[in-house]
Amino acid sequence: MSKFIRVDMATKNVATNEVPEKYAGIAGRALTSNFVADEVKPTCHPLGKNNKLIFAPGYLTGTNAANSGRLSCGAKSPLTGGIKESNTGGTFGQKMAKMGIKAIVFEGIPAEDKYYVVKVTMNDVTIEDAPAEIIGMGNYEAIKVLQAKYGAKAGVAIIGPAGEMKLSAANISFADPESNIRSAGRGGLGAVMGSKKIKAVVIDDTGAPGVPIVNSEDFKSAAKRFAKALTTHPVTSQGLTKFGTNILVNILNEAGGLPTENFRRGRNEWANDIGGETMTATMEARGGKPSHGCHAGCIMRCSQHYVDKQGKYITSGFEYETIWALGANAKINDLDLIAYADRECDDVGVDSIDITVAIGVYMEGGVIPWGDGKAALELIKEIRKGTPQGRILGCGAATVGRVYGLSRVPIVKGQAIPAYDPRTVKGVGLTYATTPMGADHTSGYAVATNILKIGGDVDPLKKEGNIELSRNLQIATAAVDSTGMCLFVAFAILDIPDGFQALIDMINAQYGLSLTADDVTELGKSVLKAERGFNHRAGFTNADDRLPEFFEEECAPHNTTWDFTDEEIDEVFNF
C-alpha cells in the first residue's frame, strides 16, 4: 500500500502522498494508534479542530487469506477522553487495501453548517455535499440512497443521527456485502466524524490493482495452512459457525460469570431462553440465516440474519454482548425485542454495548422496570428523536449514571463493562481495568483461557496467573488488530502453533520480510506503549486503571470478589 491520504475538512484540500517513512512498516491498529499518538494533541477536545480521525486497513487486509477483512479506525475518544482504536468488518477496509491506500486521515472542521460525503476512487478524492434526504435518516436507508447514487458495490462508512448529534456513544457504521451494517462501535468515533461534518465516506475500487504479494507461492502455502487451523479448531469451525458469539450465554451462565441484574450475580435460571442454541433454532424455524460472513473471505461465518416470525430480516451481527446486556443484565427474556433494539442501535448509529449496558443503569435508577423490553426499546428510539432523554442515553452508561446520581455504574474510563463478570472471570477483569481503550473485552480476551481453556488453563476464580494472562493477551491482541485479521482467529492460533506461524509467514511472504514470533510480540508491546503514552499525556494515571467499588461485593454463585490490590493491577503493564 503506497497512498497516504489527508482530507482537510476546514480547507477542503485533499493531499495524496507517499506513506511517511515512520508509518511504512506498520498497519491497522499499530498505524492508527501511533498516528494519533504522534499527531493528535492529547489534551484537545475530542470534538474540536485538533482531533483527527484515521482509517487504516491491516497488514493482510484485502488479500485472499481467510478472515482478512478488518479495518482500524482511530482518534481521541469523546467517550473516554483517551486514545481509541475501533475495529470493523464490512467491505470498506478490503477496498482500501486493494486500491493501495495505507490510510485516510480526516482533519479540521468546516465553517459551513452542512454535511458532506467524501468520495474515494482510484483517480481522485472529492468532497461533495451530502444528499439532503440522508440527513437525519437511519443508516439502513441512507446506505441504500448512497449506493444508488455511487454504485451498488461501493463501500460505505456512515454516521447515523447519533453521530450528527455528536453523542459520545455514536459509532461509525460500515456496509457489509449485503449492504447491512457492521460498526466501528466503541468509543464514540461517530461523534468525531460528525464533528467534521462528514456524513459518509464512499469508496469505489473500480480499477483497483489488488494487494501486491512479493512471494505469491509462499503466501498461498501459508494461507492454506492458516485456513486449515481455522477449519479444524472446534470454536472457529463449529461453535461460532453454528451458534455465533451468542454460544457464550449458556457457557458463561454455567461458569457463574453471566452478569445478571446490573452485575448483581453471575447466573440466572432462564439464560437458555436467550442463548445461542435457542437463537439458532429460532432462525432455522423462521427461515433466517444462522451463519453469515461480515466480509468476503470469512470462513468462520459467526454472523447471521435474525428474522421475525414472518421471516423478515431484523438484524445481523447479533452479538452475545448485546444479547447479554438486554437479556441477563436487564432481565429482558425476549429475543425478538432484543433483536429490534439491536437493529435500532445500528440504524441510529450507536454502540450497542454502551447503550444496552446503559439500559441496565436506567433500570437501576428506577426509570423503567427491570425486564421491560418494550420500555427499553422505546427508550432507545428516543435517541433518534434527539430528545433530552435520548441524548442522555446516546452518550452511554457513564452519562446515564451521572445524570441519575447512581454509584452502581459498570464502567472503566467512561466506557461500559461488557458481558463477563470480573469477579468470576478475573483475567478479563484485569483487561477491563488496564486497557488504554476503556473497559473492552476484545483488548485482551482472557475468557478464552479462563473459561474456554484455549491457549492454556488459568483459574478464573483465583488471582494466580491472571496478571500474566491479561498482559500477554493484550500484547497479542494489539498485534492481531494490526494484521487486519478478525480477532476470533486467536482461538485457533492460541491452540494450533502452525496456525500462528502461518499468520507470520503470510505477512513475510506478502511484504518480503523475515519477521519472527518475537517481532510480533514487540509490535504488540510498542502499540500498547504508544497508547498508554497518549493517555498519560491526556491526564490519565494508574488511578484510572481500576474497577468500580461495587465489585468488592460478593458475586453468586461462587461468592468471589474483585480482590486485586492496586499494586497487583499495576503489574499488568510491567513490561
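**Figure 1. Helix α12 and the residue after it.** In this predicted model, G366 follows α12 and has a positive phi, near 75°. Helices (H or I, at least four residues) and strands (E, at least two) are DSSP runs, numbered from the N terminus. Among the buried residues are D354, I355, I359, Y362 and M363. The buried residues of α12 pack against helices α10 (320-329), α11 (335-348), α13 (373-385), α14 (388-394) and α15 (397-403), and against strand β17 (415-416), where contact means heavy atoms within 4.5 Å.

Residues are numbered from 1 along each chain as its sequence is written. Local features of this predicted model need pLDDT of at least 70 and side-chain atom pairs count only at pLDDT 80 or more, while totals for chains, interfaces and linings use all residues; side-chain values use heavy atoms, with hydrogens and water left out.

**Figure 2. The pair α11 and α13.** The two helices pack at an angle of about 5°, and their axes are 10 Å apart. Axes are lines fitted to C-alpha atoms, for helices over the stretch in contact, and angles run from 0 to 180 degrees between N-to-C directions. α11 and α13 are therefore roughly parallel to each other (angles under 35 degrees count as roughly parallel, over 145 as roughly antiparallel, 65 to 115 as roughly perpendicular and the rest as oblique). On the α11 side the contact includes L337, Y340 and E344, and on the α13 side it includes K374, L377 and R384. By class, the contact has eight nonpolar, one polar and five charged residues; Ala, Val, Leu, Ile, Met, Phe, Trp, Tyr, Cys and Pro count as nonpolar, Asp, Glu, Lys and Arg as charged, and the others, Gly among them, as polar.

**Figure 3. The six-stranded sheet.** The strands of this open, mixed sheet are ordered β8-β7-β12-β9-β10-β11; two strands pair if DSSP finds at least two bridges between them. β8 (125-129) and β11 (181-184) are at the edges with a single partner strand each, so one side of each has no neighbour in the sheet. From one strand to the next, the twist averages 20°. Helix α3 (residues 139-150) packs on the sheet and touches β7, β8, β9, β10, β11 and β12; its direction makes about 140° with that of β9 (155-158).

**Figure 4. Strand β7 and its two partners.** Four of the five residues of β7 are buried, so β7 is largely enclosed by the rest of the structure. β7 runs antiparallel to β8, joined by five bridges, and the two form a hairpin with four residues between them. Y116 stands opposite D129 in β8. β7 runs parallel to β12, again with five bridges, and V120 stands opposite I203 in β12.

**Figure 5. Nonpolar cores.** The largest nonpolar core has 143 residues, and I359, Y420 and M506 have the most contacts inside it. Such a core is a set of buried Ala, Val, Leu, Ile, Met, Phe, Trp, Tyr and Cys residues joined through side-chain atoms within 4.5 Å. Apart from it lies another core, of 45 residues, including V7, L53, L146 and A184.

**Figure 6. The loop at G287.** G287 lies in the loop between α9 (276-286) and β13 (289-292). G287 is exposed, with a relative accessible area of 60%.

Key
Buried < 20%, exposed > 50% of the residue type's maximum accessible area, 1.4 Å probe, protein only.
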